[in-house]
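Please open the structure in your viewer and keep the selection tool at hand.

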Amino acid sequence: MAAAQPPRALPLLLLLLCAAFSFHVEAAHGASGGAHGLGVNYGRVADDIPSPRRSVELLRAAGAGSVKIYDANPGVLRALAGTRWPVSIMVPNEIIPDIAASPAAADRWVADNLVPYYPATRVKFLLVGNEILSDYSIANSTWARLVPAMENIHLSLRKRGISSVKIGTTLAMDALADGAFPRPPSAAAFRPDIAGSVVRPLLHFLNGTNSYYFVDAYPYFVWAGNNLTVPLDYALFQGGRTRYVDPGTGLTYTNLLDEMLDAVAIAMAKLGYGGVKLAVAETGWPNGCDYDQIGGNVHNAAIYNRNLAARMAKNPGTPLRPGAKMPVFVFSLYNEDLKGGPGTERHWGLYYANGTAVYEVDLTGRRPLCSYPPLPAPENNTPYKGPIWCVMSPAASKKLNETAVGNALSYACGQGNGTCDAIQPGKKCYLPNTTVAHASYAFNSYWQQFRRTGATCYFNNLAEQTIKDPSHGSCKFRSSLDS
């Protein structure tokens, strides 16, 4: 028995060594004023998030190395002054045609949104538009005007002697013909509708200005849509022995993000611009999701971002471009509760809206993974197969906005066939005759009718999914299994 004691003590020794190393790293981090870590997307589509100055403190606490915002907000840019972080600002999609048509309009935008803050705020990237090639509603008005707008912005910067600000635009993975998961990567190519008319001129501009192709790359969505064939660990940078060998190049992949990034690089090479640098404008993993979604939880989100930070700190690049350093921005700083769509859209944050951390993370990648506290076990890594309903959320019920709920009720009841018949006077679900009860019935009735064609249980942040049957008495709520 005595001989068995030293092996049992070994894990304790390893933990002590890990803790000691962790202390050394954090002490060095604090002494140096912060190390270069992953960038963070600072979105603000939320209620009651911390002020810009408090947000800077939270970014620093997470070890952020740069910041990307979706506009040129004066308060945010002033708060970032003096931080020495590289900052990315953005021209909104809707003004791209005007800037493309008028060098004077481009110069006014630069004068109003960059010059007052630069160089005290270290603006590094000026991004013209956000995922515009994913929005087919602006295909005719905006797509062909993207590069002319970038050229006019570039002329304005040159006229002012500003050479350190690089111009780009962010594109989603759906710019590729096979979308986010072009396997093998060697088969990737840009969509025929944009390859020659938009992407080739864009790459020519980026190559000539030594800028980056900014891609939004989310392994979560690839895994969620292919979870029977793509291992979760492979998507979370902990694939172990899981490998994928591209038959076209012979390159071996150990994680999903590398596949996605190399697919973009190969698609660029097929247009003659294989040397254009890549930047990851958005990546991350949701810390929550709806019941009819999969794998959005705190455990997976923490694992993904911790491993991503460690990977980029120690081994940047991809199998196609080993050692190539690239800007990488995690999405996002906060859970943004005012974003529409499915539940994942509101659960990407490193912090909750009240400023408390969703989980511990060191974006410098220097903290040993073994030093983090235990994470809650994931409970939704496999699809939920039970019934689901859509009801008014407890938060919206508690803080009742009669106007907002009335508008949502009117919308739901005006769609479909007999959506709100059961809550009319004398019908089975009329009682209790309250706003909350009627709204829950209407939201559910609408969602069950239209969820298979893209409807979500959101209603401007008034509704949420539940697995508790809201039926009462003779009033029966239709479930997802009845749809």
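Predicted model: local features only at pLDDT ≥ 70, side-chain atom pairs only at ≥ 80, totals over all residues.

The secondary structure comes to 15 helices and 12 strands. The radius of gyration is 25 Å, close to the 23 Å that the globule rule gives for 483 residues, so the protein is as compact as a globular protein of that length. Along the principal axes, the C-alpha atoms fill a box of roughly 85 × 70 × 50 Å. Among contacts with a separation of 6 or more, 73% join residues 24 or more positions apart, and 52% of the 483 residues count as buried.

Next, select residues 166-172, which form strand β5, and pick out T170 within that strand. Is T170 buried or exposed? T170 counts as buried because its relative accessibility is 0%, where the cut-off for buried is under 20%. Now show side chains, and look for the polar contact of 2.7 Å between the side chains of T170 and N130. Beyond its neighbours within four places in sequence, T170 is also in contact with other residues, including K68, M90, F214, D216 and A281.

Finally, switch to a surface view, where the accessible surface comes to about 21,700 Å², with 54% belonging to carbon and sulfur atoms. Select Y291, Y384 and I467, which make a nonpolar surface patch of about 260 Å². I467 lies in the segment after β12 (463-466), and I467 is partly exposed, with a relative accessible area of 38%.

Conventions:
Residues numbered from 1 in each chain as written. Heavy atoms only, no water. Patch = residues over 30% accessible without salt bridge, like charges linked within 9 Å, V, L, I, M, F, W, Y side chains within 5 Å. Areas by Shrake-Rupley, 256 points an atom, 1.4 Å probe, with all protein chains shown as cover. Salt bridge = Lys/Arg side-chain N within 4 Å of Asp/Glu carboxyl O. Helix = DSSP H or I, 4+ residues; strand = E, 2+ residues; numbered from the N terminus. Buried < 20%, exposed > 50% of the residue type's maximum accessible area, 1.4 Å probe, protein only. Rg over C-alpha atoms; globule rule 2.2 N^0.38 Å. Contact = heavy atoms within 4.5 Å. Polar contact = N/O pair within 3.5 Å; in protein donor to acceptor, adjacent residues only side chain to side chain.
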